[in-house]
Amino acid sequence: MLSRRWALSIVVAGLGLVAGAGGCEKKSEAPKGPAPAAKTPDSGSKAGTEAPKAGGAAADKAPPSGTGPILIGHYGSLTGSEATFGKSTSEGIRLAIKEFNAAGGLNGRMVEVKEYDTKGDAKEAKLAVERLVKSDGVVAVLGEVASGLSLAGGPVCQEAGVPMISPSSTNPRVTKIGDMIFRVCFIDPFQGFVGAKFARENLKAAKAAMLYDQKAPYSVGLAQEFKKAFEKLGGQVVAEQTYNGGDQDFTAQLTSIRGGKPDVIYVPGYYTDIGNIALQTRKLNISAPLLGGDGWDSEELGKIAGDAIKGSFYSNHYAPDQADAAVKDFIKRYQAEFNGKTPDGLAALGYDAACLLFDAMKRSKSLGGRDLRDAIAATRDFKGVTGSITIDENRDAKKGAVIVEMAGSPLGPKFRAQINP
Amino acid sequence: MQSLADNLAHQPARGVRDRVLAQAPWGVALLVALVVHFVLGPVLGPYWSQVATQAAIAVMLAVSLNIVNGYTGQFSIGHAGFAAVGGFTGAAVSYYGALALWGGATKQEGFLVPGEWLMVGGSLLGAVLAAGLGYIVGLPALRLRGDYLAIVTLGFGEIVRVLLQISGPQLFEADDLRSSGFKQWFPPPLGGAQGFTGVPTYASLFWVGLFAALVCIVAYRIKFSSPGRALLSSREDEIAARAMGVNLARYKVRAFVLAAALAGLAGGLYAHTGVVMQPREAGFIKSFEIIIFVVLGGLGSISGVVLAAIGLTVLPEILRDPQRLIEAWGLLAAVGVLATVGGVAMRRSGSRWAPLAVGLGATALGLLAVALVASGANALMRSATGDPQANIGKYRMIFYSLMLIGAMLLRPQGLMGVREVWDHFRRARPAPGRPGGAAT
């Protein structure tokens, strides 16, 4: 009996000791942070039960003020099948932050980014944003690339009153979530129109075939818009085929498309599938060029498809070889930062989204959600890498698109046409 | 099974008091829900409350799958399909119902508002639909012996996924709904590949807590009931069970239908947590997530499966930013060592609470190990990339997978084997020769 009591008392004493130590730890931390609202997220060394409350309260009510770093959030697919999207965006954001801080930050206050992975999964995206706005207390959120994930994260930002800027979600519904949600890219109806216009006017195509990923909202939306615009411009869609993202064999769909003898094949999918589709298209001796959207934009595409993708086109937010001083300068700085890697459109959009946010921060009365929102909404003719950005009344960006061709050696996107709204 | 025999010793009596007590589970579930909502919620804060909500839904899915995979020893790999049926039904009822009744699907604030009852109704309807489909799918497959159920359920999940993909576009306005005709409703407007959005987030901790508790109680009472023993007997030895006159097909189908219904219920609640309902929710990757909960927790053990579902939902979130865990290493080390040492001492003295202390200590030490590895990996990455902010958070799924592999190598029978947590508290020192955790 004695030893039992002894054992219990050890546990109780131990727990008491630990609790005491935890308390001391907290006390000794307190004087360090003069601006608790801004510092809470990182200084909370305790096991994460108290910090979220403080962080959430800071985001809701008192706008962070003082001298501590300003925390912004980014959620993106850093792993999973669209991982280069998240990585490129993240690199663009980090370059923007580095330059902003080097230029003195916001009146001497530095900006820090908190970044969470979504795995390309809607539940993960929601939890990541919950964590950013309610636990870490960020002043604004950047992300996601995929529209389906922005639709999961957006409502959280809207509810918490934290502005969110999506760098590259093109689905129209994203900014319809509410008045806190913005984007710096064009939307699907416009991109579908750009593809159709290019096919009709530059390629002089009369007959088009479509092959889209019925699993991806992005792909389905683009295909619908392309069809609408292409038929309106007097063209004819002769074949409509679907696949499931991750499929390996497209022979059946492509054979059926070959029967329609199209002048161009519209394939608005993601780059991993496009590589395989291009290879199999050429294997079936279909010579019509492929045409796609910004989902093609990855340096992986050339690696997967090689020569098969040569001479195909896609609509994008910018082209690295554009004859524009701002673009050239951006590419130089990006390459210096990331070992000579050429930035893709998503990196440029990530950079623009972050720069636009910093610009709004400078103009904003405070860093509170409402004030910052109003400042972002008032953005007019912001000079970004991906063009001049004006936020319209739907919180979408009014801007043009470019068409690039996969060409050259090493194989990469080359500027072909600029199409404005 | 010892624990089963223990329970059989309590034969139900027929007094009024016993009849009242027989209804106690309802009260317990309600109490759990209220405590979770009004005490746990504020303590956790908004973010961890969301994680807790997802954990509760994971518990419902895991415990319901356990009825098939754990009790009867069948192998169903289409559980997410049933959850998706319930999920999309619940989402459609709740969203279109709100449009029709109130003209808009904005969330009504407050506790137990009408919208929440619509969610409950929709989820229950989803459960009924899932049960119906479970009957159709299960009836032919479960009459046979062998792995047919696995193949059939895999096919079922994929069928649900593809049907959802080709469903019609979502109707967003009340006017669209009013003017909609047959064309809009066939195929049903479930959003297609674009997914179903805008479902109000009524799945509060109260509701998920209530239903998770109810699901656990249902699973528990079945396990220790006469049909439950029939199910367990079919897992242990089909021929022997048949010889004893157990109608295997009937019991298996009943178990499967019940599991499908509970999964549908869980899916209905999941649709109300603010996620975009996409067809991939029905895919087999989601089904495998649930199977992992069950296998890791221990096939047949309710408490083990509950612990696994909670742990595997919370762990990736902790690993999202291991910094806090690393900073708390002192706390973890102290709790781990003291609780383990204390627990061992308690066991020696025959205390029934020894497993609790040992469990606490082991958990703390496990988290400490994670923190140390994460800290080392962080340092390595920072020196390799030269980026002081580098964080292994990005590679958390590797850690998660390594932990699963480790757990399966060290404890192939799962966390709890076939036993329950409380079995460990019955007697501090297990009698020699007591059946351990042999799952098969």
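**Figure 1. Overall content of chain A in the predicted model.** Chain A has 14 helices and 15 strands, where helices (H or I, at least four residues) and strands (E, at least two) are DSSP runs numbered from the N terminus. The model is predicted, so local features need pLDDT of at least 70 and side-chain atom pairs count only at pLDDT 80 or more, while totals for chains, interfaces and linings use all residues. Residues are numbered from 1 along each chain as its sequence is written, and chains are lettered from A and ligands numbered from 1 in the order in which they are written. Of the 421 residues in chain A, 55% are buried (20 or more other C-beta atoms within 10 Å of the residue's own; exposed means 12 or fewer, partly exposed in between; C-beta atoms are placed from the backbone).

**Figure 2. The two domains of chain A.** Domain 1 covers 70-186 + 328-398 and domain 2 covers 189-316; the bounds come from an automatic or database domain assignment. Their centres, taken over C-alpha atoms, are 29 Å apart. In domain 1, 14 residues are in contact with 14 residues of domain 2 (C-beta atoms, placed from the backbone, within 7 Å). Helix H6 (147-160) and helix H13 (345-363) of chain A each supply at least two residues of the domain 1 side.

**Figure 3. The seven-stranded open sheet of chain A.** The strand order is S7-S6-S8-S9-S10-S14-S15, with mixed pairing; two strands pair if DSSP finds at least two bridges between them. Strand S7 (236-243) and strand S15 (412-419) are at the edges with a single partner strand each, so one side of each has no neighbour in the sheet. Twist from one strand to the next averages 25° (axes are lines fitted to C-alpha atoms, for helices over the stretch in contact; angles run from 0 to 180 degrees between N-to-C directions). Strand S9 (residues 290-292) and strand S10 (residues 313-316) pair in the parallel sense over two bridges, and A:Gly292 is opposite A:Tyr314. Helix H10 (residues 271-283) lies across S6, S7 and S9, at about 165° to S9.

**Figure 4. Backbone exceptions in loops.** Most residues other than glycine have a negative phi, and most peptide bonds are trans. The bond joining A:Gly143 and A:Glu144 is cis, with omega about -10°; A:Glu144 is in the loop between strand S3 (141-142) and H6. A:Lys204 has phi near 55° and lies in the loop between helix H7 (188-202) and S6. A:Lys204 is exposed, with 9 other C-beta atoms within 10 Å.

Technical notes:
Contact = placed C-beta atoms within 7 Å.
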